[in-house]
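Subject: Structure for you to look through

Hello,

Here is the structure I said I would pass on. Please open it alongside this message and follow along.

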Amino acid sequence: MLQVKNIYFSYKDTPVLKNINFSIKQGEHLSIIGESGSGKSTLLKLIHGEYDLLKGDILWKDQEILGPKYNLVIGYDFMKYVAQEFELMPFISVEENIGKFLSNFYPNKKRKRIKELLDVVELNAFSKTKVKDLSGGQKQRVALARALAKEPEIILMDEPFSHIDSFKKQSLRRRLFNYLKEKKISCIVATHDKEDVLGYADTMLVLSDTKVLAYNTPQTLYNKPNNALIASFFNEYNIINNTIVYANELIITEEKSDIIAIVTQSYFKGYYYLIEAKINNDIIFFEAKSSIKKGAEIALKIIKNTL
Ligand SMILES: Nc1ncnc2c1ncn2[C@@H]1O[C@H](COP(=O)(O)OP(=O)(O)OP(=O)(O)O)[C@@H](O)[C@H]1O
């Protein structure tokens, strides 16, 4: 179990993180979200032991995670960190990179393990390719496989799919997160993408203005965002009568309504249209089955559709 207790950190004079508290169990999946610069990467690096805390403690089971002041070598065997900049060895092949830290003592076992990891990240076809000849997304997949090679107890991932194309992203995400659950490897994922969270994360930590703005399950935060920043992570939203209403919770009605909007734009979104409209001077968003002519006057009602 990882425990982050009351930690404070700053690189220079300005505080980056203040009073951060959370814990995760073995096999639990935590997502860290927050605007750019809110301290997501810094928090992962602190958990990895890359910097010294100003205050507070980080523990994995009974082991205290210590920074460079107390540790000559950064990192611990039970923990792996996949940074935004993946540090691979460019002149050796994909399989050599993945197997780099695996023992050569049992060559068959090593081969089998590399094959298993190549399957997880869908890179079998590139096993013999030198890393320098791979695309950014392929390199990211090698970095993920290499971090998993020695089966850590916990893996920290910073935007793990940021370089991966949307054709591959869905299946890779499913494979990787299911693999971690199956092996009961705890994971912490810093992300900007709700698709990394919904359906996978057990808990979510929202960072804002150096602090924890919210810490709860994705279901609770989705259903009761209580804050525009949290709502904006999940969907387009409106504030109507001081309440956050997602665009998909505002629907067209034939009934008498107090919410009358004038359409300004329709955006094709695949299985629905996102409609931009105005109520007086306020812009609002709702969803519709077809596009709507600019200038049309539409009556709307709020339908809360929580699961
Ligand atoms: N090595 C560093 N030295 C000084 N300041 C830093 C350093 N790294 C990050 N910062 C600052 O710390 C703050 C938090 O940065 P961090 O990279 O943790 O944010 P983030 O939430 O991960 O952002 P992003 O989503 O853009 O990756 C920012 O203000 C950033 O400028």
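Below is what was found in it, starting with the overall numbers.

This is a predicted model, in which local features need pLDDT of at least 70 and side-chain atom pairs count only at pLDDT 80 or more, while totals for chains, interfaces and linings use all residues. Residues are numbered from 1 along each chain as its sequence is written.

Overall
The protein has a mean pLDDT of 94, and 99% of its residues reach 70 or more; pLDDT is the predictor's confidence in each residue, from 0 to 100. For the complex, the predictor gives an ipTM of 0.98 and a pTM of 0.92. Along the principal axes, the C-alpha atoms of the protein fill a box of roughly 75 × 45 × 30 Å. The protein contains eight helices and 17 strands. Both are DSSP runs numbered from the N terminus: helices are H or I with at least four residues, and strands are E with at least two.

UniProt record
An unreviewed UniProt entry lists residues 2-234 as "domain: ABC transporter"; such annotations may be inferred rather than shown by experiment. This span is 33% helix and 25% strand, and its end C-alpha atoms lie 27 Å apart.

The sheet
Six strands form an open sheet with mixed pairing, in the order β6-β7-β8-β3-β9-β10. Two strands pair if DSSP finds at least two bridges between them. At the edges are β6 (79-82) and β10 (211-216), each pairing on one side only. β6 and β7 (residues 154-158) run parallel and are joined by four bridges. Within this pair, K80 stands opposite I155 in β7.

Which residues surround the ligand? They are Y11, V16, G34, S36, G37, S38, G39, K40, S41 and T42, counted as near if the C-beta atom, placed from the backbone, lies within 6 Å. This shell divides into two nonpolar, seven polar and one charged residue. Here Ala, Val, Leu, Ile, Met, Phe, Trp, Tyr, Cys and Pro count as nonpolar, Asp, Glu, Lys and Arg as charged, and the others, Gly among them, as polar. Helix α1 (residues 40-48) gives the most to the shell, with three residues. Buried residues in α1 are K40, L43, L44, L46, I47 and H48. Just after α1, G49 takes a positive phi of about 85 degrees.

Regards

Note on methods: Buried ≥ 20, exposed ≤ 12 C-beta atoms within 10 Å, placed from the backbone.
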